Amino acid sequence: MGLRRIMLVRPRTRTGWGFLFAPVALNLEYIAASILDSVEEVRIVNQEFDRRPIEEHLAGFSPDLFGVTMSATEHYSGLDLCKRAKRLMPGLRTIVGGFHPNAMEERMLSEDVDMVAVGEAELTVRELVRKGHPEGVAGVIYRDERGKAVKNPRRPFVKDLDTLPFPARHLRAGNECELSLRRWGIHRDQVHASRGCWGKCTFCCEPLMSGSRQRHRRPEKVVEEIRQVYDLHHRERSFILFGDPHFMGAPRIADRICDLLIDADMDIEFTAMVRADTIARFPETAEKMVRAGIIGYCLGLESPAEGDLGKTKKGITPEAQHEAIRILRRNHAVAGGTFVCGLSAHSEREIRMFPEYARRLGMINAAFPVATPHFATEFWNELAAQGLIEDQNWEHYDQMHRVFRHESLTPQRSEELLTECLGRFYALDIFLDDMIARQGREAGGRKISFRGAVGHFLERMTFIREAGSEYETHEKGARMARVFLRGQVNPHTRVRTERMGIHNIVDLGNILPILGDQKLCITVRQGGEPFAHYVLKTSADRVHYLDITGEPQPDATVGIELDLEDVTGDRRRPAAAIGARMLKRILKRSRWSSLARGTLAVFAEHLRNRGRKSSEKPMELPDGFFEHFCQSDGWDPELYAAVRNGAGK
Ligand code: SF4
């Protein structure tokens with residue numbers, strides 16, 4: 001007899017960039033859609049949104065198959081779910097799937113885990129629920145009655161992805177969509193236009209999952225699904241991630257999808273993951289993608305060093321990295337990407353140069369994850385063969401912890417370095433680049449208003465805070481906040497903003513004449529000790545610079561002191577008391593006339609601007625900005641070569 005009541009669970013993911021982009025359980029929705037006609041009921045529990053204990057769901061639903069999807073970081077929480085399900089309902093059959101079980105195979109089996117789904121799960125689970133047992137079901141590894149692992153043959157890849165029904169998004173429980181909207185202020189969803197990637201990168205799970213082959217859907221079906229998603233979200237402004245590992249894997253298909261999107265009347269902003277070399281080779285398609293609403297880009301750039309790019313089989317060149325980012329910036333896209341930090345050859349000094357390189361490329365977003373050897377990848381096999389894997393706590397395989405022995409970096413220093421790199425990269429002038437891109441896209445190159453700039457700044461800060469907010473302890477969070485902010489102290493922010501001129505991008509025409517000569521300084525302290533000063537120097541017609549320095553500014557006309565303990569959420573102090581103390585210090589450290597001018601200037605701007613996000617004046621960017629992104633940044637290729645050689649590699 002077949003299995004009739006199916007519960008599929010996605011455990012909560014650790015907070016990080018990936019989670020922010022992809023909170024929906026799309027893989028489970030794909031499976032659900034494939035079995036809906038074969039079972040009585042399917043229930044999906046997405047613990048990103050539904051934090052009720054699993055026992056509550058089980059008691060109310062009484063499934064006869066319980067499935068959990070997991071990556072390495074959910075290894076323990078996923079197994080714990082199976083254990084609790086078995087304890088409550090001893091006869092219940094359990095199955096796990098996803099990236100991690102796919103690599104671990106029979107190692108996932110235990111008294112609590114009866115089966116592992118390897119490869120694409122839709123047709124596997126469909127056959128399983130119809131048969132009611134795993135014998136002979138391709139793609140299933142299971143324990144027989146004696147507890148012995150039985151490995152059925154792997155299931156071939158789904159040849160035609162369009163034979164799969166659209167994901168069963170209608171099964172999202174209760175108020176998942178509403179919670180998502182409340183949390184991010186925009187509907188978030190995900191669509192896949194293809195599966196797999198033809199790349200062979202040694203550290204990536206895709207070669208293992210997809211055999212370095214990419215299969216594509218028909219563009220018409222992709223856009224039909226996007227229309228359904230848009231309708232699901234009441235035709236309101238939405239954000240959709242193309243979850244494909246490489247959206248431009250077949251540029252002709254990407255081009256056609258864009259043609260259809262341009263013709264469709266939908267207010268959607270997309271983000272896509274793409275290889276840099278493909279963008280560099282197909283600039284017209286990249287231009288069309290931005291026109292079609294694909295604004296955000298995540299490129300795996302990995303390293304400035306050709307040696308790293310070769311060793312990891314990335315197959316791109318530094319020239320392709322440069323060209324790809326240049327193309328994206330010229331089209332006013334949000335050019336982002338990742339660098340992999342802490343490969344065996346990397347010294348601390350070298351890693352600290354990565355954010356300078358990312359800035360020199362012209363990136364607007366960047367992440368610097370710790371090199372992580374996922375189980376059974378080529379990278380893992382290489383390190384394991386040398387006996388270098390020293391941590392097999394799967395929760396640490398989150399690209400934030402170092403899990404293998406490194407010549408010079410301790411695990412703690414590795415984690416601090418990634419935070420320091422983020423701090424340096426996101427020194428505040430990078431937000432100007434984001435504003436330039438947005439104004440170029442949405443406002444015909446006009447300056448952003450003061451109000452628009454403040455809103456934009458707060459939006460970006462919230463994003464960064466959300467991405468890094470879940471450290472194990474409050475103390476660690478505070479330490480990392482200091483590392484992040486300390487990483488911003490760097491002379492190049494001043495040099496760059498002197499060249500760009502903040503007033504050339506943000507319309508401060510109502511503010512500066514009233515403000516006049518001022519030096520605003522925000523000092524960040526920890527334990528009463530100041531360690532970073534954010535300095536803005538103005539006169540009646542310009543902002544001279546933004547500086548982030550370790551030097552105190554005794555001549556500041558407006559002084560604000562922030563204690564890290566207050567902003568990192570020490571809840572023992574009430575917000576009102578923190579605010580009152582801060583105000584007292586501002587009054588003590590500032591000139592009264594400067595405070596009065598500042599208040600008057602903001603008030604005047606408010607009255608004259610009337611809430612507009614853009615001004616009428618055009619931005620005035622330095623000559624060749626889109627070619628060179630103000631080369632005053634701190635990247636020095638000769639120094640990098642020397643540092644790399646000095647590391648002995
Ligand atoms: S190009 Fe990206 S998705 Fe493809 S194998 Fe390399 S890292 Fe993985």
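Which residues surround the ligand? In this predicted model, the ligand has Cys 197, Gly 199, Cys 201, Cys 204, Pro 245, Arg 275 and Lys 314 around it.

Next, let us turn to the aromatic rings. Across the whole structure, a search finds 18 aromatic pairs. One of them joins Phe 339 and Phe 368: the ring centres are 5.7 Å apart and the planes meet at 15 degrees, so this pair counts as stacked. Phe 339 belongs to strand E14 (residues 334-339), while Phe 368 sits in the loop between strand E15 (365-367) and helix H17 (378-385), so the pair ties together parts that are 29 residues apart in sequence. Ring pairs also link these two residues with others into a cluster, whose members are Phe 339, Phe 354, Tyr 357, Phe 368, Phe 425, Tyr 426, Trp 635 and Tyr 640.

Are Phe 339 and Phe 368 buried or exposed?

| Residue | Relative accessibility | Class |
|---|---|---|
| Phe 339 | 0% | buried |
| Phe 368 | 1% | buried |

Where does Trp 592 lie? Its place is in helix H26, which covers residues 592-609. Together with Leu 583 and Leu 587, Trp 592 makes a nonpolar surface patch of about 350 Å².

Conventions:
Residues are numbered from 1 along each chain as its sequence is written. This is a predicted model: local features need pLDDT of at least 70, side-chain atom pairs count only at pLDDT 80 or more; totals for chains, interfaces and linings use all residues. Side-chain values use heavy atoms; hydrogens and water are left out. A residue is near a molecule or strand if one of its heavy atoms lies within 4 Å of it. Patches are made of residues with over 30% relative accessible area and no salt bridge: like charges are joined within 9 Å, nonpolar side chains (Val, Leu, Ile, Met, Phe, Trp, Tyr) within 5 Å. Accessible areas come from the Shrake-Rupley method with a 1.4 Å probe; for residues, only the protein chains shown count as cover. A salt bridge is a side-chain nitrogen of Lys or Arg within 4 Å of a carboxyl oxygen of Asp or Glu. Helices (H or I, at least four residues) and strands (E, at least two) are DSSP runs, numbered from the N terminus. Rings of Phe, Tyr and Trp (its six-membered ring) pair if their centres lie within 6.5 Å; planes under 30 degrees apart count as stacked, over 60 as edge-to-face and the rest as tilted. Buried means under 20% relative accessible area, exposed over 50%, partly exposed in between (1.4 Å probe, protein chains only).
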